[in-house]
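Reader: Could we go through the charged contacts of this model together?
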Amino acid sequence: VSGLKPEAVHRLTVRARCATAGLDELDWQRLKHEPSHPLRWTEPQHSAPLLTPRMPPPLPVPQPVTMPDGRFGRFRHTPCALVTCPMFRKKHPDDFDRDHPIVLDIKPAGAPDEDFREISLENSTFRQLEQHGPCRIIYNMPFLHAELRMRNTTMNYVSAASPPFFGVPPMVLDATEGPRADLLLADDGSLFVRLVWQVRCLPLQEAELIQISIKKHRVEAAPTDLQPFELAPTMVLEHIPANAVLAAGEAFATAAAEAGTGAEEATAPSARQHSLLCRRCYQPLGGEAPSGSGLGPWGRARLEDPRRALEAGALGAGEVPPFLGWDDGLRLLRVPHRTEVSARDREEEQREPRAPQRMPPACACGDLVMQKLLPVDGGDIRHGDTYRFRVRVKDGLSWSPWTDFSVPLHVVVPPPRPTLPQRDLQNPAPPPSIEVQLMRGDSHDDASVSNLVDAARHADIRLQLSWMRFDGRMKEVEYRVLLWTLSPEQRQRLAGRRAADGKGRGVLPPLLGTQTIVVNLGPSPPAQIGDDGSPPRLGGQDFLGKCRPLEAVVAPRAHGVPPNTISGNEPATQSGTEAPQVIAHMKPPEASHPLKHTPKTAVAGKDVLTEVHDRTLQMEVSLLALPKGYGYVFGVEAKHSRGACGHVGDWSAPLYSKLIDFEHAPRQLNLEIDARFGALLFKGHACAPNPSDEQVVFEVPAVGFADEHRKLPKAMPLTPGGDPWPLGSAAGTYLVRSKDRSVYAERLGPEDAAPDTTQLPERRPHGDDLRCD
């Protein structure tokens, strides 16, 4: 801000208003205007009083910048910062740093200017970077939250203090294990990968940016770094004090003793410098222990395992090795850490006692439990693959190191599966399967010859399938029903194959058993016979599911059976018939409205039946009866129906039924023809073993008089005495009495009403002049 009066107290004021879009812009310098205008300024926010100096600082202010990735690895384990300023430029590249007239001073953030101290050349190094220009990297900073200024040693000019910054980034706890990754399935079917990690921050330090890296779990797979994103308040699950482990009581004392320090030593205020140190601020974990009731679920979980909490966030004071100086073999790889230098100083104090120093303050850091939901949308994360994740955090200046990759996570939601019965070694229960029940079929009352052929071809067998519902991660589950039409050759192959255990998926279904349906029983309905010794079941009998509506009714057509199998010819198996046929696809019903009244109490004895009905699905299938040797096998698969699980999820392993076999009762059509031409009688007989739509040629030869009357018991007079009916003739031979006048009676005139019985013509068998076929 220019134009300020020197050596005067000033105050800055900030106001805000909405941006203009289609409205007349007002003068931004006018604070008072019409109150009815939609664009009004907010209430002012004033800054603290500011005293301007007599003259501006002659030196520019040093600016801390973010360290580039992959650089300065030997300094990052210490409190360090990268500072840029044009005054750091050297006159000659070979000049030494100690010959440069510009030095840096440091003080704690918020402290007065009298607390500035010079940073020694041992903790400062010059670097020339392309993106920032001349820079200095300072390490082993004495203050974790500090301010810098630049000073000219020749003229003793100083610059203004830089903005406060932190020398260490936020630390991710359990960095060696990586974030905790698991799958999260939303109510609408959306699938997410949930990452949870814990971050420890210094007092007044806030995490601003987060970056996640994804790597496929395979050989030579390169990690994919996602774009950094800002930390939202909804991502923070819980705030935990860093010394919350002290609330564990005796469990903490035991864990501290195992870590190498006694419980009294870890909690006594006089021995904090020898107790457990915080891994972020390197201050003792002391102070007042927080209340366990005030902690959330993550904090209480930390109290249950204090040993792991100490390993992740604490460091024993005796575990820090002293810095060996030039004798240290790692001095060319990294600079000594501040704690290592402090350990060396403590050893020197033991050899040469000095005046007692002030006790360091206790740790005041805080831990944040964060989570991030990554959608499984087919882009960076795909369903069915295995991934590993890592994360890092930035506070506005410095990025924390990448954590190690997490445990591999298989991003897949298992498909639904049927409820398995409880395992009992004494009474083992059979695995779940599809129950097939025979229902009443359509009747054919017309007994004509043409209908006999059509009835054999269109024999409708109605079957009812029932199976238990599949359980999955979601309530909305869809099903599809499969149908296999097996030929005799396929049945022979399956007979020698081992039964499937549900872990693999073959082309042909396994044979779990056989159920035989006997058809062509005349007036009786078809019958179902099982292989478990149960009594036969006739079509149309009632069973458990008849009183509830069916989920689907389908009438599929059998594949792989030629149309001429009804005539008795041997069928030929067609190619490609091993694949199943999808005969039904059952979507879950829409969610019904909740009840707005109190339902009636269930009747005793019906609640179990209702539960069975709710857990069972039923479907009706109308099929054609196959020839002997062929059979049907049904299968049911399920998968989730909504969201990402419904789109990219896999179908479950099929649930199979027993083989449905058919047995046909023998049927034949017998046809006898009798024809008379004058005094000649012609007889013919034909037999069709299997009703078919064919032309049959009849041979009807003439029958002699002796063969015609061979089956008669004896000659019968014209007017037999008594009642000769029924005659003792063979089956199929009938004597029919005519209702009208016979041929002989038509020859008599009116005058011959009472003929002479002594002059009768030759006697014939009774009813020989007129017969009925």
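**Salt bridges and burial**

Author: Asp-661 is buried, with a relative accessible area of 9%; buried means under 20%, exposed over 50%, and partly exposed in between (1.4 Å probe, protein chains only). This is a predicted model, in which local features need pLDDT of at least 70, side-chain atom pairs count only at pLDDT 80 or more, and totals for chains, interfaces and linings use all residues. Residues are numbered from 1 along each chain as its sequence is written, and side-chain values use heavy atoms, with hydrogens and water left out.

Reader: Which side chain does Asp-661 meet in a salt bridge?

Author: Asp-661 meets Arg-491 at 3.6 Å, N to O; a salt bridge is a side-chain nitrogen of Lys or Arg within 4 Å of a carboxyl oxygen of Asp or Glu. The pair links strand β38 (residues 659-664), which holds Asp-661, to helix α7 (residues 488-495), which holds Arg-491, 170 residues apart. Helices (H or I, at least four residues) and strands (E, at least two) are DSSP runs, numbered from the N terminus.

Reader: How many salt bridges does the structure hold?

Author: The structure holds 20 salt bridges. One of them joins Lys-587 and Glu-478, at 3.3 Å from N to O. Lys-587 lies in the loop between β34 (581-586) and α8 (607-615) and Glu-478 in strand β29, so this pair ties together parts 109 residues apart in sequence.

Reader: Is Glu-478 buried or exposed?

Author: Glu-478 counts as buried because its relative accessibility is 3%, whereas Lys-587, at 54%, counts as exposed.
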